[in-house]
Amino acid sequence: MTDDPMAPAFRALSDPSRRILLDRLFERDGQTLGELCAYLPAMTRFGVMRHLGVLEEAGLVTTRRDGREKRHFLNPVPIRLVHDRWIGKFAEPVVGAMAAMKRPWRLRR
Amino acid sequence: MSAPDHVYSVYIKASPDRVWRAITDGVETERYYYGTHVDSDWSKGGRIVYLYPDGTTAADGEVLDVDPGRFVRMTFHARWDPEAEAGGPVTMPWDIEPQDDGGSKLTVTTSGLVAGTRIAEEFAGGIVYIVSGLKTYVETGAPMKVPAEVG
């Protein structure tokens, strides 16, 4: 077992069903288990819960109680860190160009 | 209590006091908070302002509640352009939980964003960038790679 802080995120992202769950949370954050189950109709509720568990373990999903419901929130921080510390160096010129086009939180000059 | 819009969290290999300093010291925020310098007395009811290097205001807000080293709940009002400003203030608590290994878990939540608006989209990416950058800065002392146009 290596002490690689990025390993859980890579493992969590390796599964297509888990990536679907992340995509749906990216579109709308804070969904319940019931809502998320609807995106994976071929899977049991238990199966979806298990995938959400892996995502939560990896820090990619956070949960909050909201009355009787448990809501799931996308936490993209570990993915951002994987990007900044590892993927970014391979894709840097492209990323730089796209960032300039998108201009998130741009400075007024 | 109703659920927030977004919840962002990260483990940081640094003490809660160290993380608190990174959040509240303007010289430190310049390193990871889009180059802005935060200024506030960090007391309840106090004003918070994030300043660009030229002294203009990037964003401002108010300290709603504070426990130094543990949490600050603030309002945050974007001032970086008129469309963002029109979105109004967002409630943004920052919580630091000490961990058994001496590190910290930082959680930033946002409430009051209107889904689908440009400000909501900018926030989603912006907070992730800031929280990731804070971790990298505190752990390594190195600022994040800043997008070219910010440099």
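Me: At what angle do α1(B) and α4(B) pack, and how far apart are their axes?
Reply: This is a predicted model: local features need pLDDT of at least 70, side-chain atom pairs count only at pLDDT 80 or more, and totals for chains, interfaces and linings use all residues. Residues are numbered from 1 along each chain as its sequence is written, while chains are lettered from A and ligands numbered from 1 in the order in which they are written. Helices are DSSP runs of H or I with at least four residues, strands are E runs of at least two, and both are numbered from the N terminus. Axes are lines fitted to C-alpha atoms, for helices over the stretch in contact, and angles run from 0 to 180 degrees between N-to-C directions; for α1(B) and α4(B) the values are about 120° and 11 Å.

Me: Which class does that angle put α1(B) and α4(B) in?
Reply: Angles under 35 degrees count as roughly parallel, over 145 as roughly antiparallel, 65 to 115 as roughly perpendicular and the rest as oblique. The angle here is about 120°. So α1(B) is, relative to α4(B), oblique.

Me: Which residues of α4(B) meet α1(B)?
Reply: Contact means that C-beta atoms, placed from the backbone, lie within 7 Å. From α1(B), the residues involved are B:Arg18, B:Val19 and B:Ala22. Their counterparts in α4(B) are B:Leu134, B:Tyr137 and B:Val138.

Me: Which residues of α1(B) are buried?
Reply: Buried takes 20 or more other C-beta atoms within 10 Å of a residue's own, exposed 12 or fewer, and partly exposed lies in between. The cover over the buried residues of α1(B) includes β1, β7 and α4 of chain B. Those buried in this helix, residues 16-24, are B:Pro16, B:Val19, B:Trp20, B:Ala22, B:Ile23 and B:Thr24.

Me: Which residues touch the most other members of the largest nonpolar core?
Reply: A nonpolar core joins buried Ala, Val, Leu, Ile, Met, Phe, Trp, Tyr and Cys residues through C-beta atoms within 7 Å. This core has 56 residues, and its largest share, 11 residues, comes from α4(B). Touching the most other members are B:Val19, B:Leu106, B:Ile127 and B:Val131.

Me: In what order do the three strands of the chain A sheet lie?
Reply: Strands pair if DSSP finds at least two bridges between them. Six bridges join β2(A) to β3(A). β1 and β2 of chain A each have a single partner strand, so they stand at the edges. The open sheet is antiparallel, in the order β1-β3-β2.

How values were computed:
Two residues are in contact if their C-beta atoms, placed from the backbone, lie within 7 Å.
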